[in-house]
Amino acid sequence: MPDHHAVDVIRTKRDGDALSDEQIRWFIDTYTAGDMADEQASALLMAIFWRGMTARELTIWTATMLASGRRLDLSSLGRPTADKHSTGGVGDKVSLPLAPIVAACGLCDPMLSGRGLGHTGGTLDKLESIPGYRVALDAAEMIDVLAKVGCAICAAGPDLAPADKKLYALRDVTGTVESIPLIASSIMSKKLAEGTEALVLDVKVGSGAFMRDVDSARELAETMVRLGEAHGVKTAALLTNMDMPLGRTAGNALEVSESLDCLRGHGPHDVMEVTYALAEEMLNLAGVDADPRASVESGAALVKFHEMVRAQGGDPDAPLPEASERRTFEASQDGWLNGLDARAVGIAAWRLGAGRARKEDPVSAGAGVVCLKKPGEQVSQGEPLLELHADHERVFDAALAALDDAVDIGPDRAEAPPLIIERITA
Ligand code: URA
């Protein structure tokens, strides 16, 4: 590969010109190999953040990130494969019921997931609150679990999209996460590496999401759908509301417990609406004619979840960890609860110990927020709206401060916004 100078590449993007295919390949390969300084890579990411990327640049950028590692071959499974990925939200535990539901419908779901960062929760942290559950499977173990159970939820190993691991860590500390081309290439390089034939993206929109408005979420969804299809993966996206937390819990073990409620047929209606809509998209893309609701009603999806937990070393019968301390947050007046800000609840859960500030920080399994009331319900002054769970008394004040402006109570009931906002297909 011809040699380039990092400063020339940075200047090209800084001045608003498109990077050449060679410049992109050189940058990603050099940085992934550890041969470029973080400050130069950061400068280019910031230039991309402001200048964006052309469709051609993004295609080459994503393909190079994908090619930085291996792409799993799932053909030995002999079954249709499909996965979903969410752009991240608060209380978004959908992956936990969804993977076993679609597995019970006959799909294989190779779900490579991430950890929570900042105010958003992460599927791996949630599952690790189940005693014994192992998220670090190598490719052979993952394929073995998929063959036996039909779904596996684990971390992407070091050989899958290593460029994203380095770039994401750098973006996280340089204020360059919220960029449509950088998010799209990050998510798609990982999802293409897992070898799925079909992919459904849950692009969250609202205060608790990376994309605050529908236009940006639509652009992100369309970009990812285009990238997926260009790599031969049938891809669709749903834009879903993230102005309020999904379900009644935000926190690791609390969300596992609520996911079990979903699989037992009494999950909150908003979690089930999103879960079933995504399951239908996955089944549709994979060409499997099955009813996801029936797999819950029959108990088959719950059995799959238990099988997956056991196959990954966990004990599905062990009690989930609980935090030792509780505090409630009360309604300041009588009326209708019309809003509960997702970002504020996510920050409260994070400060209670459910999230981490840096990737290497530990999380508390039991900490988090339980929404005793959700928008659309009537409340009385002094009535508990939220229950805060933590391992230490000292964290409550900071969590309660995050909730200062989180609640909107009015004299009239406001109409609930639609949960599923839009469907994007190729
Ligand atoms: N999730 C990812 O995997 N990457 C991003 O850039 C944002 C969310």
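Visitor: What makes a residue part of the lining of the second largest pocket, and how many are there?
Guide: In this predicted model, a lining residue must have an atom within 4 Å of a point of the pocket. For the second largest pocket, 22 residues line it. Among these, Met244, His269, Asp270, Pro375 and Ala416 lie nearest the centre of the pocket. The space in this pocket comes to about 490 Å³.

Visitor: Which helix gives the most to that lining?
Guide: Helix H12, residues 269-286, does, with three residues.

Visitor: How many of the lining residues are nonpolar, polar and charged?
Guide: Ten are nonpolar, five polar and seven charged. Met, Pro and Ala count as nonpolar and Asp as charged.

Visitor: Why is the second largest pocket said to lie between domain 2 and domain 3?
Guide: Domain 2 (75-318) and domain 3 (325-410) both contribute residues to its lining, so the pocket lies between them.

Visitor: How many helices and strands does the protein have, and why is it called as compact as a globular protein of its length?
Guide: There are 16 helices and 13 strands.

Visitor: What makes a residue count as buried, and what share of the protein does?
Guide: Buried means under 20% relative accessible area. Of the 426 residues, 57% count as buried.

Technical notes: Residues are numbered from 1 along each chain as its sequence is written. This is a predicted model: local features need pLDDT of at least 70, side-chain atom pairs count only at pLDDT 80 or more; totals for chains, interfaces and linings use all residues. Side-chain values use heavy atoms; hydrogens and water are left out. On a 1 Å grid over the protein atoms alone, a cavity is a set of points where a 1.4 Å probe fits but cannot get out, and a pocket is an open set with protein on both sides within 12 Å along at least five of seven lines; lining residues have an atom within 4 Å of a point. Grid points are joined across faces, edges and corners, and a volume is the space filled by probe spheres set on the points. Helices (H or I, at least four residues) and strands (E, at least two) are DSSP runs, numbered from the N terminus. Domain bounds come from an automatic or database domain assignment. Buried means under 20% relative accessible area, exposed over 50%, partly exposed in between (1.4 Å probe, protein chains only).
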